[in-house]
Amino acid sequence: MNTFTKRALVIGALLATGQAMAQINFYEGEGYRGRVFTAQNAVPDFTRVGYNDAASSVVVDRGRWLVCEDVRFQGNCVILRPGSYDSLRAMGFNNRVSSVRPAGNSRNARYEMPDPTPEPANAWRRRANERVYEAPITSVRAVVGPPNQRCWVERQAVAEPARPANSVGGMVIGGLLGGILGHQVGGGSGKDIATVVGAGAGAYAGNQVGKNYGGGTVQSTRDVQKCENVANPTPAYYDVTYNYRGTEHSVQMATAPTGQTIPVNARGEPRQ
């Protein structure tokens, strides 16, 4: 065997090994739920595997994959790198995947490469080729969240301190009036004395009147916020107990189970 043939066989073996290591998992439901389909090489037509337009979420275990909405890698396509994609809706690929193949090292600008979901893949997702069993549910308990605070605004009448009357103004006005009246009494120097006395008496009287009419309270309206705590009827989660091979297991679920059983793997771990 010549050197060129040996090199070709080595390169071919490396490519085949790299392709065999690549793996992508499609799930029928968002959040890695439902029936799973796993591909380790090119699948030009999902119709042949009974999975056409059925994928809603993806987990790429290894490699980079070209995912397309039409058969034979046509139509809109996107490259997915290793990671978890809990929904294909934002990409416009929800229930629209029809073909897939390894992308290799291509850097075609035609294809957008979205970032994987920051959170790790759902721990309950079904793994490739993993056998599941139905475990009977023994109890379901809804756990409600803390009370909610409800607030609103009411317009209410409130009593406020009255603004004090201006006694200085009353004193000035009283003094002027007293002076005028005093000036009209008597004559000569007596008229001057009467003017001064009248002004002083009028100022004193005006000051007293201003004080007497000051203080107290006035009624007005304003917006007042009120709050109260109300019970939260929405369950925060569900405590589900199930029996698998004679052993009781418990799990917290975001939604109530829809049937009398829960899917589990061979170790009794829940699967979705």
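1. Arginine 155 counts as exposed in this predicted model, because its relative accessibility of 56% is over the 50% cut-off. Its side chain forms a salt bridge with aspartate 223, in which the closest N and O atoms are 3.3 Å apart. This pair links distant parts of the chain, since arginine 155 belongs to strand β9 (residues 148-161) and aspartate 223 to strand β10 (residues 217-230), 68 residues apart. Elsewhere, salt bridges that share partners bring Arg267, Glu269 and Arg271 together in one network.

2. The structure holds eight salt bridges, and one of them joins arginine 89 to glutamate 30, with 3.0 Å between the closest N and O atoms. Both partners lie in loops, arginine 89 in the one between β6 (83-85) and β7 and glutamate 30 in the one between β1 (23-29) and β2 (33-39), and the two are 59 residues apart. Arginine 89 counts as exposed at 52% relative accessibility, whereas glutamate 30, with a relative accessible area of 34%, is partly exposed.

3. A further salt bridge connects arginine 96 with glutamate 69, whose closest N and O atoms are 2.7 Å apart. Because arginine 96 sits in the loop between β6 and β7 while glutamate 69 is part of strand β4, the pair ties together parts that are 27 residues apart in sequence. Arginine 96 is partly exposed, its relative accessible area being 39%, but glutamate 69 counts as buried at 14% relative accessibility.

4. The strand that carries glutamate 69 deserves a paragraph of its own. Five of the six residues of β4 (residues 65-70) are buried, so this strand is largely enclosed by the rest of the structure.

5. Aspartate 70 has glutamine 74 of β5 as its bridge partner, and tryptophan 65 stands opposite proline 102 in β7.

6. Aspartate 239 lies in strand β11 (residues 235-244), and its side chain is joined to that of arginine 141 by a polar contact of 2.6 Å. Leaving aside neighbours within four places in sequence, aspartate 239 is in contact with Ser139, Val140, Arg141, Val143, Val251 and Gln252.

Conventions. Residues numbered from 1 in each chain as written. Predicted model: local features only at pLDDT ≥ 70, side-chain atom pairs only at ≥ 80, totals over all residues. Heavy atoms only, no water. Buried < 20%, exposed > 50% of the residue type's maximum accessible area, 1.4 Å probe, protein only. Helix = DSSP H or I, 4+ residues; strand = E, 2+ residues; numbered from the N terminus. Pairing = 2+ DSSP bridges. Polar contact = N/O pair within 3.5 Å; in protein donor to acceptor, adjacent residues only side chain to side chain. Contact = heavy atoms within 4.5 Å. Salt bridge = Lys/Arg side-chain N within 4 Å of Asp/Glu carboxyl O.
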